[in-house]
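Open your viewer and keep the selection tool ready. Each stop below tells you what to pick and what to look for.

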Amino acid sequence: MNELGLFGKDRLTMLGETPLVAETPEAMLDDETTPIARFFIRNNGLLPERIDDPEAWRFIIDGEVDRPLDLSLADLKSRFSAKTYRMVLECGGNGRAFFEPKAEGNPWTHGGAGCAEWTGVSLGDVLREAGLKPTARFTGHFGADPDKTGSFEKQAMSRGVPIAKALEEHTLLVWAMNGEPLPFIHGGPLRLIVPGWPGSLSQKWLKRIWIRDREHDGPGMTDLSYRVPIYPIRPGSDGRNVETRILESMPVRSIVTAPADGSRCPAGTRTITVRGAAWAGDDVITKVDCSIDGGSTWVSAQMTPPRNRYDWVRWSATLTLPGDGYYEIISRATDSQGRAQPFHAANWNPNGYGCNVMHRVAVTVGD
Ligand SMILES: Nc1nc2c(c(=O)[nH]1)N[C@H]1C(S)=C(S)[C@@H](COP(=O)(O)O)O[C@H]1N2
Ligand SMILES: [Mo]
């Protein structure tokens, strides 16, 4: 059994062993709520030590606050009101494998994402208890994991958000996933979920939130980390000396979760039901369309409304096939600003963030 088996995972695709990184094949994202066994894993360092008593896990809030807080998980549960939202968590590099030429980093296809029910308290409620000073501008997140050399001196990852994002009701301090205590590999006992923005902001094994008077500068905030060019650049260029911005909301994306890529249907099959999911970072999905002829003609999908903000939309469509043969199904989601997924991996950037090219699934009817 490899390490994935040890964490109870169900046939994920291993992208890296140390640090442990694994994605979910799109066809395994066919559940409305992604089961823990199918949820992707992304670590930037080694794992922290496991602790025996999750309720005793402590974390602090300090910096530009009137009353710094030092709270146990038990304190969080008893002093603030808990809420549960189903929300997408998506790695900033999701889709990277489709960039040409290859961009730096883990080659995620579209499976660096999942949608789980997260239970916790709004970070904003806790920040209000601490009292934000007028100088509070940005958060800095710290976890208990050592970096990939095993050193605790430098964080494996330490990113942050503008205060407005931290104060959103859906930005949560989370201790449960799909109704179970937050699994260790997903940051248990306590993690952040900052929905709609790159997964790297959703600090696992959360120990500290530092409220800062300026943009945070931990690992993952400097250089080209989580930065994208403001104006398009030539694919393959080094990205130096171009104006960049921090990647905030993730772009619109849809995936086909059934049929699986490479499926075969019996000869004579003339209709096929296609299912999938769609989400759009901070934005909402307004439509999903499918095509079997490379985008020449489209069929609109039926959508199940999201349960709450940041939930994904589940969709399905019935497609008519003109005859036996080889088809490539594509799906294309559009957000409320009219932004739809591109036909090819557009907006190339050196670290390969935010690639939302349409997902393509091959199906053969007959032999
Ligand atoms: N402490 C800590 N938190 C972290 C990371 C990490 O390496 N260490 N990786 C981040 C990244 S890049 C992503 S995409 C998500 C992945 O969360 P998951 O492993 O629960 O799917 O966790 C984020 N939180
Ligand atoms: Mo990530």
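**Rings, then ligand**

Start with the aromatic side chains: a search of the whole structure finds eight aromatic pairs. Rings of Phe, Tyr and Trp (its six-membered ring) pair if their centres lie within 6.5 Å; planes under 30 degrees apart are stacked, over 60 edge-to-face, and the rest tilted.

Select F39 and F40. Their ring centres are 5.4 Å apart with planes at 25°, so this pair is stacked. F39 is buried, at 1% relative accessibility. F40 is buried too, at 6%. Buried means under 20% relative accessible area, with a 1.4 Å probe and protein chains only.

Move to F184 and W205. Here the ring centres lie 5.9 Å apart and the planes meet at 50°, so the pair is tilted.

A word on the basis: this is a predicted model, where local features need pLDDT of at least 70, side-chain atom pairs need 80 or more, and totals for chains, interfaces and linings use all residues. Residues are numbered from 1 along each chain as its sequence is written, chains are lettered from A and ligands numbered from 1 in written order, and side-chain values use heavy atoms, without hydrogens and water.

Now select ligand 1 and its shell. It is surrounded by 18 residues, and the closest are F40, N44, D145, H186 and K204. A shell residue has a heavy atom within 4 Å. The shell divides into seven nonpolar, seven polar and four charged residues.

Check the polar contacts (N or O pairs within 3.5 Å):

- F40: a backbone N or O atom is 2.7 Å from a ligand 1 oxygen.
- Q203: a polar side-chain atom is 3.1 Å from a ligand 1 nitrogen.
- K204: a side-chain N or O atom is 2.5 Å from a ligand 1 oxygen.

How much of ligand 1 does the protein bury? Taken alone, ligand 1 exposes 540 Å², and the protein buries 100% of that.

Notes. A polar contact is a pair of N or O atoms within 3.5 Å; within protein, one must be able to donate a hydrogen and the other to accept it, and residues adjacent in sequence count only if both atoms are side-chain atoms. Accessible areas come from the Shrake-Rupley method with a 1.4 Å probe; for residues, only the protein chains shown count as cover. Ala, Val, Leu, Ile, Met, Phe, Trp, Tyr, Cys and Pro count as nonpolar, Asp, Glu, Lys and Arg as charged, and the others, Gly among them, as polar. Buried means under 20% relative accessible area, exposed over 50%, partly exposed in between (1.4 Å probe, protein chains only).
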